[in-house]
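Student: Before we begin, may I ask that each term be set against its definition as we go?

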Amino acid sequence: MGTEVTSVQSRVEESMGYALGLRCRACGEAYPPSRRVACDACFGPLEVFYDLDALAPKLKRATIEARDNTLWRYAELLPILDPGAIVDLRAGFTPLRKAENLGETLGLRHLYLKDDTVNPTYSFKDRPVAVAVSKCREWGLGGVGCASTGNLAAATAAAAARARLPCYVFVPAGLDPVKLLTPVVYGAKVVAVKGTYDDANRVALLAADLLDWGFVNINVRPYYAEGSKTLAFEACEQLGWRAPDVEVVPLGSGLLLTSIAKGLQEFFHLGLVKEQQVRICGSQPEGCAPIARAFLEGREDIIPVERPATVAESLAIGDPASGRDALEIIRGSGGFADAPSDPEVIDGQLLLARTEGVFAEPAGGTVVATLRRAVADGKVDPSEVVVLNITGNGLKAPHAVAGSLPPLEPIPATLEAVRAFLGV
Ligand SMILES: *Cc1c(COP(=O)(O)O)cnc(C)c1O
Ligand SMILES: [Zn+2]
């Protein structure tokens, strides 16, 4: 292992052991930090909890600031107990960009982009995977896998390569070819399942049991979720240790949104940032919006979408596992959810690229489009501090925008032709 891993290890060593176990989100029942995903008493989802009261006097802003620029700077708040198990591709601590131009266009004075297009495999999924694959190594599991809409497959495959573990990724067969290719490059076996993400997820679940491997978003899900909350930690730290007023989050399974909310609560509890209201807002494309629809129609229940149809492949999860929890958080925080159309999503992508120089995949266009509608409807005040979570890179889904742009017309290599083309 390289020196960079060793330095992460020594840092984590002194900061381990605050993760006490798992707790049911629904009934509060506590469990040891084992490989278990649902509550025995009520089948509710489990999440990791920490000894925050013991940690509060010890974890200072300056301590964190002095550390490496990766998500492991928050080691006390991550559930890895054996530092030797850490798989570190240097995910996290991505830029928080002040978006002056996009802010001006939309009518917001304090708009920021949390830019996760620049993670090791170009999406935020490197965060949850870093924690989940480290946990699988800690447990000595024989391999890792996932069910994925594309980005998770690449992130899991890359971490598995680094961890020297075999890896199977289950994806819907109709994905953008770039997303099918990438995990193969990292050496994973890609299982392209005919049907939707939910079909791929169903067979992945069976495979996880069959192999007894760690499937990061299935049987390692509570640990996996912990990696995603570092997006919220970083946004707070990079805002100068304050929380934003509004977080806009793309929704697939809903777990990213619930994790961001959990991260904010932990920072409040620790006193690392001053407690305040943060409106947590969700965004899904119209062609697959089970959570946003429930919000907009004032329902409690999530009605699954059987045939998702949207350019935002990353968000095409028809039956979102964390949908109810996400909905509850959006409502409870005073946030909103919306479901822009595919043309609005692509406009959002192009607007972001052309104002800020950030090329996001359609998930990024979705949050831009949702914010645009919200500002137009007066749901966001121009003076509020708004963080847009830009979760994936546009180069991973090039076919989504390509169809909306005019084709190139090659010209002869002559001055006349250049003059005619440019009209000068
Ligand atoms: C997975 C993914 C999401 C949604 O995350 P969930 O935890 O499934 O809600 C958002 N954006 C991108 C780019 C993703 O890959
Ligand atoms: Zn329970």
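Predicted model: local features only at pLDDT ≥ 70, side-chain atom pairs only at ≥ 80, totals over all residues.

Tutor: Residues are numbered from 1 along each chain as its sequence is written, chains are lettered from A and ligands numbered from 1 in the order in which they are written, and side-chain values use heavy atoms, leaving out hydrogens and water.

Student: Why is glutamate 76 called buried?

Tutor: Buried means under 20% relative accessible area, exposed over 50%, and partly exposed in between, with a 1.4 Å probe and protein chains only. Glutamate 76 has a relative accessible area of 8%, so glutamate 76 is buried. This residue lies in the loop between helix 3 (61–65) and strand 4 (96–98); helices (H or I, at least four residues) and strands (E, at least two) are DSSP runs, numbered from the N terminus.

Student: What makes the pair of glutamate 76 and arginine 67 a polar contact?

Tutor: The term requires a pair of N or O atoms within 3.5 Å; within protein, one must be able to donate a hydrogen and the other to accept it, and residues adjacent in sequence count only if both atoms are side-chain atoms. The two side chains are joined at 2.9 Å, and therefore the distance meets the cut-off.

Student: What makes strand 13 mostly covered?

Tutor: In strand 13 (residues 385–390), 6 of its 6 residues are buried. Val385, Val387 and Asn389 point one way, and Val386, Leu388 and Ile390 the other way.

Student: How do you know that strand 5 and strand 13 pair?

Tutor: Two strands pair if DSSP finds at least two bridges between them. Strand 5 (residues 110–115) and strand 13 run parallel and share 6 bridges, so they pair. Tyrosine 112 stands opposite valine 387 there. Strand 10 (residues 246–250) also pairs with strand 13 in the parallel sense, over 3 bridges, and valine 246 has valine 386 as its bridge partner.

Student: Why do strand 8 and strand 9 stand at the edges?

Tutor: The open sheet of 4 strands has the order 8-7-6-9, with parallel pairing. Strand 8 (189–193) and strand 9 (214–215) each have a single partner strand, so one side of each is left without a neighbour in the sheet.

Student: Which helix gives the most to the lining of the second largest pocket?

Tutor: Helix 11 does, with 8 residues. That pocket is lined by 26 residues, and Glu47, Ala261, Lys262, Gln265 and Glu266 lie nearest its centre. On a 1 Å grid over the protein atoms alone, a pocket is an open set of points where a 1.4 Å probe fits, with protein on both sides within 12 Å along at least five of seven lines, and lining residues have an atom within 4 Å of a point.
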